[in-house]
Structure formats: C-alpha cells, structure tokens
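Colleague: I would like to go through this chain term by term. Please set each value against its definition before you conclude anything.

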Amino acid sequence: MKQMIDYLNRLDSDSLVNDLAENAKVVDQRSDSSDNTSEDSGHKTNIPADGGLFNVPAQYQGTWYTYPADDNKLDTIKISQHEIIDGKYVTELHKVDRKVNYNYMEKYAKSQSYLKATKNWGRASFWNLHGIKYLNVMGWMQGAGDGTFYGPHTENGQPVLVIAEGAGLWTNCVAWKSPQLAQQYKHKKFNDLYYQDDE
C-alpha cells in the first residue's frame, strides 16, 4: 500500500487517486467489538493514517448555546456521534491510526487529493484536566496550536459544556441546553472553572 501511494504521489496522480477512492471500500474485520460508544470503534477509510471515526459519548452530544468571550452573538454548537457543527462549519471526527505517528501531516501536506479528502476532518482525543474530561478537536492536518476543548460539566444544577482553548485549557465560554439559559448566564465566570486572566 505504501509503495502504491508513494508511486502515485511521485506521478502527482491526484485525479486518478480521487477516482479510485470514490469506488474503493475497506472493511476492517480485525476488531469484533460491538461497543459503539467506544472511542476505538468506527469505520476506517482507505485514507492513510485514518484510524476510523471517533465516537463521541452521549454526555457531549446535543445542541448547545453560548455567547463566546467578548462576543454578543449567540453561537449554536451541535455535537453528534461523529460530528461537530459550529455555525456553518461541519467537522467530521476521526482518530489517528495507532500504528502511524503524526508524520503523516508532513508526508501528505503537498498532496492535493489527501488535503481535499480530509479537509473537513478533525483529529479527536480526550484530555483530563481541572476535574473535567475534555474532548479535544484539532484540524486533521493541524501541526501547531491546541485546538478546541469541549467538557461536560454542571453549573447551577444545569448540564453545561465548558469550551476551553489554549495550552492551559482556559475556559472561553460555557454552553447551555437552551438559548434562554445561555442569555441568562451570558459571559458569567464560574468559580470552579479556569480562565486565562485568573493566572
């Protein structure tokens, strides 16, 4: 497979690869797990480094409403089992194949067919910090930066999604289950969350 990909890349055969990819189907039968909530399940494509779809646990899913820091416009975020829709931008969540390290980004950075096939993908993983299990989402080909963190939590007896950014996982905003709650707690800072200006 590696030799074929290298050969096609040397020939700059993006259109041929695209045509083949449309008709190709890869069935991974190495795992007999039927647990659809596992982060390790999910269908793999034939795209190098793809470890399959990332399955988002139920507590992260749903429609969330928030006013991002220093913004007076209501933001709607929809999270499903494999996608995050933030405004008009849709990110399909994938895992990196465990057998591959992150050098795929450098290897395929100049392959237009690879970039086109993965342009709406996000690289997802979990981080535990400040007592919250965050879902971290970065661009599939993102080499720098920390991505966005989504953490289920509770504030004032309500389920919320803490949205954090940066190396310190600083809280940017808190998302709520209704526009009314988002408006009620607009830009409110909570004592049990960590903000960059607290440091």
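Modeller: Accessible areas here come from the Shrake-Rupley method with a 1.4 Å probe, and for residues only the protein chains shown count as cover. On that basis the chain exposes about 12,100 Å², and carbon and sulfur atoms supply 48% of it. This is a predicted model, in which local features need pLDDT of at least 70 and side-chain atom pairs count only at pLDDT 80 or more, while totals for chains, interfaces and linings use all residues. Residues are numbered from 1 along each chain as its sequence is written, and side-chain values use heavy atoms, with hydrogens and water left out.

Colleague: What is the mean pLDDT of the chain?

Modeller: pLDDT is the predictor's confidence in each residue, from 0 to 100. Its mean over the chain is 84, and 78% of the residues reach 70 or more. Over residues 25–41 pLDDT stays under 50. For that stretch the model has 21 contacts beyond four places in sequence, a contact meaning heavy atoms within 4.5 Å.

Colleague: What makes a run of residues a helix or a strand?

Modeller: Both are DSSP runs, numbered from the N terminus: a helix is H or I over at least four residues, a strand is E over at least two. The chain comes to five helices and 10 strands. Tyr108, for example, is found in helix H3, residues 104–108.

Colleague: Why is Tyr108 called buried?

Modeller: Buried means under 20% relative accessible area, exposed means over 50%, and partly exposed lies in between (1.4 Å probe, protein chains only). Tyr108 has 5% relative accessibility, so it counts as buried. Of the 199 residues of the chain, 38% count as buried.

Colleague: Which strand does S9 join through five bridges?

Modeller: That is S10 (residues 170–175), and the two run antiparallel. Val162 stands opposite Val174 in S10. S9 and S10 form a hairpin with four residues between them, and Gly166 in the turn has a positive phi of about 85°.

Colleague: What is to be said about the phi of Asn156?

Modeller: Most residues other than glycine have a negative phi, and most peptide bonds are trans. Asn156 has a positive phi of about 50° although it is not a glycine. Asn156 lies in the loop between S8 and S9. Its relative accessible area is 47%, so Asn156 is partly exposed. Ala49 also has a positive phi, near 80°, and is a residue other than glycine. Ala49 is found in the loop between helix H2 (14–23) and S1. At a relative accessible area of 8%, Ala49 is buried.

Colleague: What makes Asp197 and Lys189 a salt bridge?

Modeller: The rule asks for a side-chain nitrogen of Lys or Arg within 4 Å of a carboxyl oxygen of Asp or Glu. The closest N and O atoms of Asp197 and Lys189 are 2.5 Å apart, and the pair forms a salt bridge. By this rule the count comes to one. Asp197, at 54% relative accessibility, counts as exposed, and Lys189, at 42%, counts as partly exposed.

Colleague: Which side chains does a polar contact join to Asn55?

Modeller: A polar contact is a pair of N or O atoms within 3.5 Å; within protein, one must be able to donate a hydrogen and the other to accept it, and residues adjacent in sequence count only if both atoms are side-chain atoms. The side chain of Asn55 has such a contact with that of Gln81, at 3.1 Å, and with that of His82, at 3.1 Å. Asn55 sits in the loop between strand S1 (50–53) and strand S2 (62–66). With a relative accessible area of 3%, Asn55 is buried.

Conventions: Pairing = 2+ DSSP bridges.
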